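Visitor: I'm new to reading protein structures. Could you walk me through one?

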Amino acid sequence: MTLLRRRFLHLAAAVAAFPAASRLARAQTYPARPVKLIVGFPAGGQVDIIARVAAQWIGERLGQSMVVENRPGAGGTLGAEAVVNAPPDGYTLFFAAASNTVNASLIQNLSYDFARDITPVAPINRINLVLEVNPAFPVNNVAELIAQAKANPGKIDIASPSIGTPPYMAVELLKMMAGIDIVHVPFAGEGQMVTDILGGQVKAAIGGISSSIGHIRAGKLRPLALTTASRIDELPGVPIIAETVPGFEASGWSGVVAPKNTPKEIVDKLYGAIVAVQADPAFKARLADLGVSALALSPAEFGTFIAEETEKWRKVIKFAGLKPQ
């Protein structure tokens, strides 16, 4: 009986240890094939550009290619839904953005709760936004834009990339805080928005710096102000909106998340690769070239950050009187 009992206990211990050993084995061999990184916006926009840069660097650290797949639609919600419903094995990830926390309050009947149904891995960057105009539009600063809008209510248009994105929210915040009646023109993506402001189809826009900084430096777009809380080195001399509209601040962020219940060992491996990438001076310089700055948080801190962003935008949406779509 004693021998049988010992054998039973040994077997029970082995069975109990199997899941942990299996997870460890997966983590040690992960990734054994290319990793898919889904982006919820069209190619060529702010989030897509940063995702492709990050994917290349992270893939090199992991020793496997990281393939970017665009699934645009509904302000990034379709891409998020695809990852929420993907197997939690680390091979399908999502390049999340601030719009995903906005959509929690702005879009009705979502099939998921973003903050609850993902596993946070790590943010990559903060996204600096810029209020810019076509040079043919006769305004040189925010005060002049506000004056023009008040003198011509309902006749000046300002574009943004897509409903629910930080630039979209920034336009609504500017309308509210400056007390101006402007026509808000949301596009289906940042690439087309930049094309149309360059062509003069819209007079002004708020968008991510990375998609327009080249045009700004070439003199094809005129930057009026940044939406951030402070000036940045990438656009020296460009003021912030808050210098004209006190208290104004809006910015975005992006980062990597995985499906809910992704094993901690895999999350830790991904996080370690991202930390190593963010510590590389060459990567920091590349982000600076794109007009964004690195944002470093642990998986737990990133989860808290996502929850706080969700609540912040809920209050802004309510304050601005925006209706769920």
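Guide: Let's begin with a term: contact means heavy atoms within 4.5 Å. By that rule, histidine 184 touches Ile158, Ser160, Tyr168, Val171, Glu172 and Lys175, leaving out residues up to four places away in sequence. Keep in mind that this is a predicted model, where local features need pLDDT of at least 70 and side-chain atom pairs count only at pLDDT 80 or more, while totals for chains, interfaces and linings use all residues. Residues are numbered from 1 along each chain as its sequence is written, and side-chain values use heavy atoms, with hydrogens and water left out.

Visitor: Where does histidine 184 lie?

Guide: Helices (H or I, at least four residues) and strands (E, at least two) are DSSP runs, numbered from the N terminus. Histidine 184 belongs to strand 7, residues 183-186.

Visitor: Is histidine 184 buried or exposed?

Guide: Buried means under 20% relative accessible area, exposed over 50%, and partly exposed in between (1.4 Å probe, protein chains only). Histidine 184 has 15% relative accessibility, so it counts as buried.

Visitor: Which side chains make polar contacts with the side chain of histidine 184?

Guide: A polar contact is a pair of N or O atoms within 3.5 Å; within protein, one must be able to donate a hydrogen and the other to accept it, and residues adjacent in sequence count only if both atoms are side-chain atoms. One partner here is the side chain of serine 160, at 2.7 Å. Another is the side chain of glutamate 172, at 2.8 Å.

Visitor: How many salt bridges does a search of the whole structure find?

Guide: A salt bridge is a side-chain nitrogen of Lys or Arg within 4 Å of a carboxyl oxygen of Asp or Glu. The search of the whole structure turns up eleven. In one of them, aspartate 89 pairs with arginine 33, and their closest N and O atoms are 3.7 Å apart. This pair links distant parts of the chain, 56 residues apart: aspartate 89 is in the loop between helix 3 (77-84) and strand 3 (92-97), and arginine 33 is in the loop between helix 1 (2-29) and strand 1 (35-39). Aspartate 89 is partly exposed at 27% relative accessibility, and arginine 33 is partly exposed at 42%.

Visitor: Which residues of helix 2 and helix 9 meet?

Guide: From helix 2 come Trp57, Ile58, Arg61 and Leu62, and from helix 9 come Lys269, Leu270, Ala273, Ile274, Ala276 and Val277. By class, this contact has eight nonpolar, no polar and two charged residues. For the classes, Ala, Val, Leu, Ile, Met, Phe, Trp, Tyr, Cys and Pro count as nonpolar, Asp, Glu, Lys and Arg as charged, and the others, Gly among them, as polar.
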